[in-house]
Amino acid sequence: MNYKRNIIITGGAGFIGNHVVRLFVNKYPDYKIINLDKLTYAGNLANLKDIEDKPNYKFVKMDICDFEGVYKLMQDEHVDGIIHLAAESHVDRSIKDPFTFAQTNVMGTLSMLQAAKLYWESLPEKWEGKRFYHISTDEVYGALELTDPQGIEPPFTTKASSGKHHLAYGSKFFTEDLKYQPHSPYSAAKASSDHFVRAFHDTYGMPTIVTNCSNNYGPYQFPEKLIPLFINNIRHRKPLPVYGKGENVRDWLYVEDHARAIDLIFHKGKVAETYNIGGFNEWKNIDIIKVVINTVDRLLGRKEGEDMDLITFVTDRAGHDMRYAIDSTKLQKELGWEPSLQFEEGIEKTVKWYLDNQAWMDNVTSGDYQRYYEEMYKGR
Ligand code: NAD
Ligand code: TYD
C-alpha cells in the first residue's frame, strides 16, 4: 500500500514515544508509522502491545547513532517526516554517566539530521513536504527562582492565556526567547542537540521544528522518575527518597496532552519555530508526593495518608534545578492547544493505571534494572 506519509518516530518504545506512536497509528491509518528504537533499559515494546499488529505500524530496532542504518531506512521507507524523541532522559543517570548522554542525545541527533539531510537533498523535490520535528525539554532554559525578586511570597496567581488562573511559585516563566542555561549533563546534551537542529535549518534549509516541554506524567513511565517510582514504593511500603527538602518546583503535564500537542505542531507548526509546551501546573515535589500518597492509599483501601511516614529526606541531587515553569502562551494563541486534563484528574488516572498494571511494573522493576536501581540509591 502507498501511504500518504511515511514517518519515523524515534524512541517510540519509551514513555512519551509510545503515546505518540499510538496516537499517530490510530488517528492516521493512511500514514505509515515506523518506530525506530534501540530498546535501551527505558524502551519496552510491551508499551505498544495494543497496536503492534496494526498494518500501518512497523518497529525497527536500531540505534539513532547508526548513521548508515538510519540513512538506508529512510531510503527504503521513503521517509518524509521525523518525530525525534529518542534520548537518554534521566537527570540522575546523566550525573553518573555523562558520556552516554552526549553520545545518544548529541551524536544520535546529529546522525538523524545528517541522514535526513542526505536523503531529502537527493530527492527531486528536496525539502518540500518534509519535516524534522525535535522533541526537547524545558530543562535547557536552566532553573527559575522560587521567590519573586521583588520579595512577594509565592505561590502567585497568574492568568494563563486560556483565562484560567493557576498557581505559580515565581513571577518568571520559560518563554521561547529565553537564553539557554542548562545545568545538568542531561539538559546540556539536550540543549546541544537543539542547537544542531536549528543549525540544520539555518545552514541547509531543513524544515525543522523544536518544542520544549515540561515534566510529563502518566501511564508507562519508567519507575526511576518521581511519580511511578513513588507509586510503586508506596504500594510496597518502601521508603520514598525525597531529594533535599522537597521544595523544588516542577510544571507537570499529562503525557497524552503532550502527544496531542506533538500531533498538532507536526501538522500545523511553523517551520523553524520553537514552541514551549506546559500545563501551567506548578507543584512543589513535597506537595505532589503528598497527593500521590493520599491517592494510592485511598485506591488501595488504606487509610488516606497512612503512608506519609515513608517520606525520607535524602541528600539533594547535585545541581538540583529549583524551579521549572513553562509559558505555553505562544502555542495556545497560535495553534489553539490547551491541556485537556486538570491535574487532579490526571493524577487519579495515573495512580489507578499503575495500580491496575502491576504486571507491567513488576516486569520493568525486576532483573537488571533492579540491580541498577539498588546501586543508584546505595548509602542513601
Ligand atoms: P524515555 O527514557 O522513557 O524513552 C527514551 C526512548 O528512547 C526509549 O525507548 C529508548 O530505548 C530510546 N533510545 C534511547 N537511546 C536510543 C538510541 N541511541 N537509539 C534509539 N533509541 C534510543 O524518555 P521519555 O521520557 O519518553 O522522553 C522522550 C523525549 O522527550 C526525550 O527526548 C526527552 O528529552 C523529552 N522530554 C521528556 C520529558 C519527560 O518528562 N519525560 C519532558 C520533556 C521532554
Ligand atoms: P524526575 O522525575 O527525575 O524529573 P526531572 O529531574 O527531569 O524533573 O524528578 C522530578 C523531581 O523529583 C525533581 O525535582 C527531583 C525529584 N526527585 C526526588 O525527590 N526523589 C526521587 O527519587 C526522584 C526520582 C526525583
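On its own, ligand 1 has 830 Å² of accessible area, and the protein covers 96% of that (Shrake-Rupley method, 1.4 Å probe; for residues, only the protein chains shown count as cover).

This is a predicted model, where local features need pLDDT of at least 70, side-chain atom pairs count only at pLDDT 80 or more, and totals for chains, interfaces and linings use all residues. Residues are numbered from 1 along each chain as its sequence is written, chains are lettered from A and ligands numbered from 1 in the order written, and side-chain values use heavy atoms, with hydrogens and water left out.

## The shell around ligand 1

Ligand 1 has 28 residues around it, with I16, D37, S89, Y186 and K190 the closest (near means a heavy atom within 4 Å). They split into 13 nonpolar, 11 polar and 4 charged; Ala, Val, Leu, Ile, Met, Phe, Trp, Tyr, Cys and Pro count as nonpolar, Asp, Glu, Lys and Arg as charged, and the others, Gly among them, as polar. Strand 5 gives the largest share, 3 residues (helices, H or I of at least four residues, and strands, E of at least two, are DSSP runs numbered from the N terminus).

## Helix 5

Among the buried residues of helix 5 are Y186 and K190 (buried is under 20% relative accessible area, 1.4 Å probe, protein chains only). The buried residues of this helix pack against helix 3, helix 4, strand 5 and strand 8 (contact is heavy atoms within 4.5 Å). Just past the helix, G205 has a positive phi of about 85°.

## Ligand 2

Around ligand 2 there are 19 residues, and E139, P241, R250, R317 and H320 come nearest. H320 has a side-chain N or O atom 2.7 Å from a ligand 2 oxygen, while the side chains of N215 and N285 each place a polar atom 2.9 Å from a ligand 2 oxygen.

Methods: A polar contact is a pair of N or O atoms within 3.5 Å; within protein, one must be able to donate a hydrogen and the other to accept it, and residues adjacent in sequence count only if both atoms are side-chain atoms. Buried means under 20% relative accessible area, exposed over 50%, partly exposed in between (1.4 Å probe, protein chains only).
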